[in-house]
Amino acid sequence: MLAAGRLGMTDMPVVFFTTLATWAGWELLRKPSEAKWRWWWIFYGALAAGMLAKGPVGLLPLFAAGIFVVWTRPPGALAALRPVRGPLLAIGLAGCWYVPVFMASEGGLFSDFF
């Protein structure tokens, strides 16, 4: 783990942001009626940072939270996640970098990165 962190690979940042998003999602869904806005912002901000570090892999905690909500059906969990506004925010934040790079690389971003 230390060697991978020193090599400049994007694995360590994506692990950090995935773990942060998972923790924030857990705190957000643990007691949905008392959900704090800060956990919502941390959750979707970490998803955006994870997407910037490694691409669509950064969205995995969102799917895990969705599976948790479908499986356990805690009352108010779907409202706490705000399943439309949140992903749009995360994709919009990541898009602030992806769109200019896509335009500058003339489409080469998708052939090389994805």
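The structure is a predicted model, in which local features need pLDDT of at least 70 and side-chain atom pairs count only at pLDDT 80 or more, while totals for chains, interfaces and linings use all residues. Residues are numbered from 1 along each chain as its sequence is written, and side-chain values use heavy atoms, with hydrogens and water left out. The protein has 7 helices and 0 strands; helices (H or I, at least four residues) and strands (E, at least two) are DSSP runs, numbered from the N terminus.

**Overall layout**

- From the N terminus on, the order of elements is α-α-α-α-α-α-α.
- The C-alpha trace spans about 45 × 35 × 25 Å along its principal axes.
- Of the 114 residues, 34% count as buried; buried means under 20% relative accessible area, exposed over 50%, and partly exposed in between, with a 1.4 Å probe and protein chains only.
- Among contacts (heavy atoms within 4.5 Å) between residues at least 6 apart in sequence, 63% join residues at least 24 apart.

**Nonpolar core**

- The largest nonpolar core holds 23 residues, and Phe43, Tyr44, Leu47 and Leu81 have the most contacts inside it. Such a core is a set of buried Ala, Val, Leu, Ile, Met, Phe, Trp, Tyr and Cys residues joined through side-chain atoms within 4.5 Å.
- At least two residues of this core come from each of α2 (11-30), α3 (37-54), α4 (60-72), α5 (77-81) and α6 (85-104).
- Helix α3 gives the most to this core, with 8 residues.
- Not counting residues up to four places away in sequence, Leu81 touches Leu28, Leu29, Trp40, Phe43, Tyr44, Ala65 and Val69.

**Packing of α3 and α4**

- Two packed helices are described by the angle between their axes and the distance between the axes.
- For α3 and α4 the angle is about 135° and the axes are 9 Å apart. Axes are lines fitted to C-alpha atoms, for helices over the stretch in contact, and angles run from 0 to 180 degrees between N-to-C directions.
- The two helices, α3 and α4, are therefore oblique to each other. Angles under 35 degrees count as roughly parallel, over 145 as roughly antiparallel, 65 to 115 as roughly perpendicular and the rest as oblique.
- On the α3 side Phe43, Tyr44 and Leu47 take part, and they meet Pro61, Leu62 and Ala65 in α4.
- The residues of this contact of α3 with α4 divide into 6 nonpolar, no polar and no charged. Here Ala, Val, Leu, Ile, Met, Phe, Trp, Tyr, Cys and Pro count as nonpolar, Asp, Glu, Lys and Arg as charged, and the others, Gly among them, as polar.

**Glu27**

- Glu27 lies in helix α2 and counts as buried, at 18% relative accessibility.
- The side chains of Glu27 and Arg30 are joined by a polar contact of 2.8 Å. A polar contact is a pair of N or O atoms within 3.5 Å; within protein, one must be able to donate a hydrogen and the other to accept it, and residues adjacent in sequence count only if both atoms are side-chain atoms.

**Glycines in helices**

- Gly25 is placed in α2 and is buried, at 5% relative accessibility.
- Between Gly25 and Arg6 there are 29 Å in space, C-alpha to C-alpha, and the two are 19 residues apart in sequence.
- Gly66 is in α4 and is partly exposed, at 29% relative accessibility.
- Gly66 and Leu78 are 8.6 Å apart, C-alpha to C-alpha, and 12 residues apart in sequence.
- Gly86 is in α6 and is buried, at 0% relative accessibility.
- Gly86 touches Trp40 and Tyr44, not counting residues up to four places away in sequence.
- From Gly86 to Glu27 the C-alpha to C-alpha distance is 16 Å, with the two 59 residues apart in sequence.

**Positive phi in loops**

- Arg73, which is not a glycine, has a positive phi of about 50°.
- Arg73 is in the loop between α4 and α5 and counts as exposed, at 66% relative accessibility.
- Arg82, also a residue other than glycine, has a positive phi near 50°.
- Arg82 is in the loop between α5 and α6 and is partly exposed, with a relative accessible area of 28%.
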